Each structure stands twice: as C-alpha cells, then as structure tokens.
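The sequence and the structure are shown first, and a description follows.

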Amino acid sequence: MRNGFVLVAVAIAGCGESPLQPRDGAATASDGATTDQVGEGAVAQPTPPADPGRIGIHFLNNTEYDNTVKDLLGVTASFVDGFLPDDVLDGFDNNADVQGAMTPIRYERFFVTARDLAAQVFAGESLRARIVTCTPPSTTEDACGKEIIRAFGHRAWRRPLSDAEVDRLFSVVGVARASGADFLGAMQRVVAAMLSSLPFLYHVELDEQPTSETVHPLTAYELASRLSYLLWRTMPDDRLFALAASGELGQVDVLLAQAERMLADPRSVALVRALADSWWAARSIRDKQPDPVLFPSWDQELGDAINEEAVLYLSEFLLPNRSFLDFLTADMNFVNARLARHYGFQAPAAPGFARVVERSDQRKGYLGLAGFLAGSSPPNRTSPTQRGVQVLESVLCYSLPPPPPDVPVVPMDPNPSLTVRQYLERLRKESTCGACHKLMDPIGLGLETFDAIGQPRTVYPNGQAVDVSRLEFEGQIFNGPLELADMLARDSRFIECPPKKLFTYALRRPPQEQRDQLWVQQLSSDWSRQGSTLRGLIKQIVASAAFRFRRGEAN
C-alpha cells in the first residue's frame, strides 16, 4: 500500500490551480497603482520602480517544520530529531538558494514523519477533534470529507484550496475505503498525504506570469506567511488568516500593526533565537564541548545558561525604544546562579535569570558575553584569528575570503619562546594571508583577557602574560576589550551592518547586485534617522516593497 500512497501524495503535491487565483493581497487603484493605507488616509503609490527581486520556492527548515506541525496539529513532541541538518549559507538556515532542492533522503524523512504525525493525531480524541469536525451519518461522507479537507487544508497549505484540489484530495478517501479503511482511517491517510505534499513542506510564492519581470504584490496569504515565518518561524495564526481572507493585510498600516502585535508576543523569541544563531553565531554555543581536562568547570548546565544569556541580551534590543547603538557597549549581563558563579558575580536573589550590572570587570556589550567568547573559540584554547573573523563578519559585515587550502593550523603552544601576540605578528609577516590577518588578529588579541569559555585571565596556561596593550586596527590604537568595544561602536560600518543582516534573514537571500544594495542603503539611511532600534528596522523591512512585492524571472 505504501507505494500507492506515495503516488497519491506526489499527485497532489503540485500546487494545482489555487495559487493562481485572483490576487487578493492589495487594493488596486484604477490607474494600476497599489493603495497603501498609511496613517489616517489612503495614499496611492505607483508600483515601485525598484526591483524587489524574488524568492525561489524552498522547503521549511527544521525549526520552521517543527513549530508548524506543533501549531497545526497540537502535538508537543519534536519530530525533527532524525531529519538531515539544515543547510546553512553565511550563517543563515533559511536561505532559499540552499533550501530549495529536495533530495530523496530528505523527502523520505518528510514522508515517514507525515505518516507518523497523522497516526498520532488520529489515535487521540482531542487531537483528532482539531481536524475531524464532522462524521457520517450526520452528513454524507462526501460532504463531510470535503468539509474537513477544505478547513484543514486552508491551515496546512496556508491558503484556501481550490475545488479541484479538494476533489483530488478526496480521491484518497475512495482509494482508502476500497482497501477496507473506515472513514476515520481514510481521513488519516488524507492528512498524511497533505503533510507530505509540496504546499505544506514548501514556502510557495508563484508569479502569474513566471517569465515576466513586471513587479506585482504578493497575495495576502503569501504575505501572511512571509510575516509569520519572519517573526515567529511558524505558520500564520487565526488573526493573520482572517486578515488575509479579507484582503486587509495588503494595507501597509494593517501589516505594520500585525508586525507590532507579533513582536510584542512571547512567540517572537523565535526571531531572537534565529538572529542570535545566524547573525551572532550563537548556534555554535549549543554544540560547544570544551576540553574537559583544560576546562573542568564546563558542563551542560553552564552551556545552556550561556546560550540563554545570549538570547536574553539580544531580546533587550528588540524593546521598542532600545537603540542598537548600545549593543557593543551596554554594561549588563543576564545570569542565573550557575552563570553568576562562572562570571564571579553575586547570584541573583530569586531563581532564574536576572539582569545585572557589574562595573568592576572588563566585560561590556555582546563581545563580553561568555556566549560570544566561548562560541568563537576552539575546544582547547582561544583563537584570536577566529574571534577576529567573527567580529568582522557580525559587527562590521566584512566579507572575508576563505583561507587557502594549505594554510597551517596554529598548534596549541606554537613556540614557547614567543607570546601568542608575537607568534601571530611573525606569522602575518611570513604568510601570504597577512593582509586579512592584519584585520582579524588585533581584534581577537584585544579579547585575549578572556579564555576559551569566557572567564577572565591575566596569564596564559604556560605562564606568559596576556598583553592587550596598543593594538592597531586600521590605523586606530586601542587597549583591551573595553576600548575595542568603544572603537567598534564608533565605526560607521557597525550601524550599516544590521540592515544587511536583517534584509538577508527577512528576504531569505543575501543582498545581490545593485538592486538589493539600493534597498539596503535606503533601509540604513531611514533607520539611522528613526532611532536605530531593531524593532524599527524590522518594521521598515516589513513595510518595504522588497518584502511586499515580487516578480518573475526571464528565461
């Protein structure tokens, strides 16, 4: 029966007719201009002349899949443990270019999981009742089955189903009934088929004329999905679905009001975790396994606390009036008893995490967090070069070339007669990579007062003194981590970087060619004038034509 089911699932996996229904995402003026509701009045704006580009069809990443099935079905356990890891490009796990190609192994996992999910849902009365809203003979089997398919499909495929799609899905019921299944068993197979189909597994946005580069608005349902997966990393909720059904979501003021509602919701922590992982490399903290001989104080409890602090710190900068300009210099930490002991701070009075300020140490800003310091270090030592690379990429949006394949690995104790700083200086002079290391190494050396798990130190394990004095970066002299943070915070590239990172995450592609650079430049200019808050930047992106419009692509 399994082969037959696969054929049915593949047959209904196509998008059918409904993605090409009349676009209901924007009100259109008689002259072809879109009407955006801004403030109290309607302002007719012509179709944006700038190219919004396009996002290719791509499947849900593991986090999005896990969140979606939980919200859709009411299950609580995670089903992605056996999935292939997400492909990551430049730190981002939602890039459409690398999440677009389905492999047989990946689809096999999706298919088996869909079958298991359907079985779990139909085995429990409360979960089944979320889907099965009628049963024969209260109505005819055909009418009941199609009613269930239409209602569940609207949420599972994140848009209304066409009559033809409902009929094709109901044909699974006939096949199942012919093989001896009862009505509920047949509907279970339909649900499994829908959960293994393209409209569920993929982010689907289509162009009515695929080869036309004429700019057009997204449908309201496509816009609802873009917004929901941006801010919550899951499917739209009932409010978004209702606004999509009415077409109101295509109005800018309505869209921004929903963005504000969703940012204020606790579920927006999904956005914070995504940005911490993709932008600030917090993903590496969770996988951190320092050498237990060199760092015996490290354990899973500490690793979890360090990871949580990174999320709480970044969450602070999603508050409405919190300027991102303070990200590198804010003197605050978020600690529980375990992390406070690691830092040498007094433990919070109450259980859980507390926001604390400790001015007697050398920590401040994100670069002073144990999460950044541990996540940018190898398991057995610090690496000034590795820390420098992370700072350049995350703080200043440098795009460094990859190292040559024959670059030597620096040993743990490279030369007992040389300090780490002296060794790196000699390596820069002797290496063909000197130009890049001249940028990377001084920044990393400025953070050498912290070891590979983020604890302070004044000497290396071999007894040599840590020297962070008179380091030079692009002609600027600084001493140690505090002056490093101040220097970077004054760099114009620091405030130009967030628009690039948020654009990449929200649009699921890095800025490309001149068209995207224009969007980023405009975002950066507007953001600087409007207070430089991350919340404001996110809302700017949501309101932009780059987020609300798309086009086809010429052959």
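## Surface and overall make-up

What does the accessible surface of the protein chain come to, and what share of that surface belongs to carbon and sulfur atoms? In this predicted model, the accessible surface is about 23900 Å², and carbon and sulfur atoms contribute 53% of that area.

The protein chain is built from 24 helices and eleven strands. It contains 555 residues, of which 53% are buried. Among contacts with a separation of 6 or more, 70% are made by residues 24 or more positions apart.

## The largest nonpolar core

In soluble globular proteins, nonpolar side chains tend to be buried together. The largest nonpolar core here comprises 151 residues, and the members that touch the most others are Tyr65, Leu73, Leu231, Phe327 and Leu534.

Leucine 73 illustrates these contacts. Leaving aside residues up to four places away in sequence, Leu73 touches Leu117, Val121, Leu127, Arg130, Ile131, Phe152 and Leu195.

## Backbone exceptions in loops

Most residues other than glycine have a negative phi, and most peptide bonds are trans. Against this background, the peptide bond from proline 136 to proline 137 is cis, with omega near 10 degrees. Proline 137 belongs to the loop between helix H4 (125-129) and helix H5 (141-156).

Arginine 233, although not a glycine, has a positive phi of about 55 degrees. The loop that holds Arginine 233 runs between helix H9 (220-231) and helix H10 (238-246). With a relative accessible area of 4%, Arginine 233 is buried, because buried means under 20%. Alanine 281 likewise has a positive phi, near 60 degrees, and lies in the loop between helix H12 (269-278) and helix H13 (283-286).

Notes:
Residues numbered from 1 in each chain as written. Predicted model: local features only at pLDDT ≥ 70, side-chain atom pairs only at ≥ 80, totals over all residues. Heavy atoms only, no water. Helix = DSSP H or I, 4+ residues; strand = E, 2+ residues; numbered from the N terminus. Buried < 20%, exposed > 50% of the residue type's maximum accessible area, 1.4 Å probe, protein only. Core = buried A, V, L, I, M, F, W, Y, C linked by side-chain atoms within 4.5 Å. Contact = heavy atoms within 4.5 Å. Areas by Shrake-Rupley, 256 points an atom, 1.4 Å probe, with all protein chains shown as cover.
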